[in-house]
Amino acid sequence: MLALVCALLALAASRGVAGDGGDDDDDDDDDDDDDDHGSSGPAVTVNAACAVDATDGLTWCVYANVVDGIDLAFSAIDSTDVSRVDHYVKATFTGTKNPGSAGWASFGPGASMSSAVVSVGQANGASSKAYTLTSHATPSTMCSAGCSITELATTTDASGMTLKFRYTKENATPGTETFIWGMKTSAWPGKHSAFGTVSADITGISTASSGSSTSTLTRDVTHGVLMVMAWVIFMPGASAMTLVKNALPDGLWFKLHMVGAAIGSLIFAIALGLLLGREDHGESSLLDTHYTLALGTIGLWVAQISLGVLRPNKTGGNRLGFIPTSLRPAWFLAHRVIGPIVISIAAAAVVTGAKLIQDKHSADSAIGIKFLTPDVMYAMYATVVAVALVGAGMNLYCFKQRRRSTNPSAPYLIETGQTMSSDV
């Protein structure tokens, strides 16, 4: 009996030591040890259903309910490279782990709160952030240069929250990876109401096909090529015609300007049409930036085309019966200002689009993938700028003596029959 009492006293003392320094669940600064109220899921075997997701073209292997209320999914970036871990990871929090409309969730590689990197997503729509965990305190150290998780994204709906990121670990053969998770139904920052770890064997995933579906690849590459044609060739070319008007025969620059703008607009409209019905906003900050640039391009493009159609006459009365010639100076200024701006924004959209294609389809060997790279886009735009500057210089110095026309009586047919071609 005495031995039993001593054993019980020793057990109580050991529990008291384990709890020293720990606070209750309402403390936002310190957490209890990981084993106090966290839960760990079993190692996940590679037996999930793997299928291509039509929204992003990636092959995802999904493991449902690895921890009650948490689903995991993995997609290899390059299925042929087994010398490194390079996977997209998705963690979906639902049911008892749903952060709700005001909470947050975190997920990332690591086995404890003192040695992990996590992506934190918030239900309020704030951008996902990566933190380096160094203690049981609320994280404040951002994971930046060389961070093992990148391309963070968070999506939420009534059923729960999904965190997505790209996980990279160099010189490491894909195998069993351990991840730490946490969540709370109230606003960030704050101590989790539930947390734990889960291990996943991604060995089989690294050898599974993770390439894009043919339809997705074709759509994305076609969209990219059409955008290059519209905003690297035809639109800048049409704009550049105004810089070489003196070097061209009467009226030719304006006809080329209209034809280039019309062809570029048609190609741009087709490129946009290829993306109708896609709902992949929020998958990454780069994708959201691309969409924002695209919307800016569309808005200014519509404004510029409208200005072209509704151009006031220089002389000869109101255009279309209601546009007075007095608006000509304001129109001229707006048309000249919007042109370079919309081309610049479109250039940024083209470059970010090329980056997205490389991130999404880098494992494919299609020639379109090799062409649609940021470096190639930079080189093409540099060439466009150089050619435009040379043309402007020739127009200014070599053809200066031609002034406005070699034939002062040449009619400008596009206008009223009275103004000269180079005056438009």
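Predicted model: local features only at pLDDT ≥ 70, side-chain atom pairs only at ≥ 80, totals over all residues.
Local features are reported at pLDDT of at least 70 and side-chain atom pairs only at pLDDT 80 or more, whereas totals for chains, interfaces and linings use all residues. Residues are numbered from 1 along each chain as its sequence is written, and side-chain values use heavy atoms, with hydrogens and water left out.

The protein contains nine helices and 12 strands; these are DSSP runs, H or I over at least four residues for helices and E over at least two for strands, numbered from the N terminus. Of its 424 residues, 44% count as buried, that is, under 20% relative accessible area, with exposed meaning over 50% and partly exposed in between (1.4 Å probe, protein chains only). The protein exposes about 20,700 Å², of which carbon and sulfur atoms supply 62%; accessible areas come from the Shrake-Rupley method with a 1.4 Å probe, and for residues only the protein chains shown count as cover. Among contacts (heavy atoms within 4.5 Å) between residues at least 6 apart in sequence, 64% join residues at least 24 apart.

Strand 5, residues 85-94, is mostly covered, with seven of its 10 residues buried. Two pairings involve strand 5, pairing being defined by at least two DSSP bridges between two strands. With strand 4 (residues 70-76), strand 5 pairs in the antiparallel sense over seven bridges, and Ala 76 stands opposite His 87 of strand 5. With strand 10 (residues 160-169), the pairing is also antiparallel and runs over 10 bridges; here Phe 93 has Met 161 as its bridge partner in strand 10.

One disulfide is found in a search of the whole structure, the criterion being a pair of cysteine sulfur atoms within 2.5 Å. Cys 143 and Cys 147 form it, with their sulfur atoms 2.0 Å apart. Both Cys 143 and Cys 147 are buried. The torsion about their S-S bond is about 120°, so the disulfide is right-handed.

An unreviewed UniProt entry annotates residues 224-244, 256-277, 289-310, 331-357 and 377-399 as "transmembrane region"; such annotations may be inferred rather than shown by experiment, and their positions are given in the numbering used here, with feature names shortened. In the model, residues 289-310 are 95% helix and 0% strand, with end C-alpha atoms 32 Å apart. Residues 331-357 are 100% helix and 0% strand, and their end C-alpha atoms are 38 Å apart.

Helix 9 comprises the 25 residues 374-398. Buried residues in helix 9 include Pro 374, Tyr 381 and Gly 391.

Key
Expected span 1.5 Å × (residues − 1).
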